[in-house]
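This short report covers a few local features of one protein model. Please look over the sequence and structure before reading on.

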Amino acid sequence: MTGFTSLPGALAMPLPDFVRQDWPEAEFNVDGARGIGVRALGLALNSVFQPIFDAKGNVQGHEALLRASARSKPMSPQAAFQAAVAHGRLISFDRLARTLHLYNYATFQTGLTGLYLNVHPQLLTGVERHGVVFERVLQTLNWQPEQIVLEIVEDEIAPGELSRVREAVNNYRSVGYRIAIDDFGSRHANLDRLWQLEPDVVKLDKALIAQAATSPRLQRALPKLVELLHELEATVVVEGIETKAQHAIAIDAGADLLQGFYLGEPRPLGRG
């Protein structure tokens, strides 16, 4: 295949050439247990994946999460992205992280369940020709945009940016990506934004299920919220399930999909 460079180690698939162009100094590695990793900006970056289940316990997808460390000391994904901002490399760093997740998933995950990827709020409306570069990554793996769910945090959309976010969402959706609103119900949830963005998936913030476990009033209200979101033709995911009781409440509320440490923790997909 022309225009690509193979990764050292056991990776069976070539990396897109733009990754090497963006990150000529990056060091890639393949570990049997941790999967594919990369060193960039002085950081060690790896992917972990948290499963998302249906009510019957079947895995319906995974959310990709970044794990970063500096000098063997863990750091939050937010801190890693802040380092990229400080170096003026946010766009290429975000691209690198998404490519890392996709290659880990395609290499080590059996079956083609949906992959949920977070979209950095500063990039959703700031990158022209939305998704074109990432489509090239998908093409190297014979994946389709329909297999990707792009997650947007509703609370991070600035009031004056809604029309631009809606345009970006429509651009992504026009080529097949599904759109998820993440952390809905945290702080000041805005139903009007849901009506305008028309997400395919709404992920309820973990605070809702935690509070429902101790508040009979919220426990009674949760099914009504799920019903309302179903009226918007959205698939509803309850996040942050950490106990058996919370699991039962989410199922009773009519949630379509379930996610949380009680069901499955984020982990690498390597075969160590």
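Is Thr140 buried or exposed? Thr140 is buried, because its relative accessible area is 12% (buried means under 20%, exposed over 50%, partly exposed in between, with a 1.4 Å probe and protein chains only).

## Basis of the model

The model is predicted: local features need pLDDT of at least 70, side-chain atom pairs count only at pLDDT 80 or more, and totals for chains, interfaces and linings use all residues. Residues are numbered from 1 along each chain as its sequence is written, and side-chain values use heavy atoms, with hydrogens and water left out.

## Helix 5

Thr140 belongs to helix 5, residues 132-140 (helices are DSSP runs of H or I with at least four residues, strands are runs of E with at least two, and both are numbered from the N terminus). Buried residues in helix 5 include Phe134, Glu135, Val137 and Leu138. After helix 5 comes Asn142, with a positive phi near 60°.

The side chains of Thr140 and Tyr103 make a polar contact at 2.6 Å (a pair of N or O atoms within 3.5 Å; within protein, one must be able to donate a hydrogen and the other to accept it, and residues adjacent in sequence count only if both atoms are side-chain atoms).

## Two glutamates in loops

Glu198 sits in the loop between helix 7 (191-197) and strand 11 (201-204). Its phi is positive, about 50°, although Glu198 is not a glycine. Glu198 is exposed, with a relative accessible area of 54%.

Glu233 is in the loop between helix 9 (216-231) and strand 12 (235-238). Glu233, also not a glycine, has a positive phi of about 65°. With a relative accessible area of 72%, Glu233 counts as exposed.
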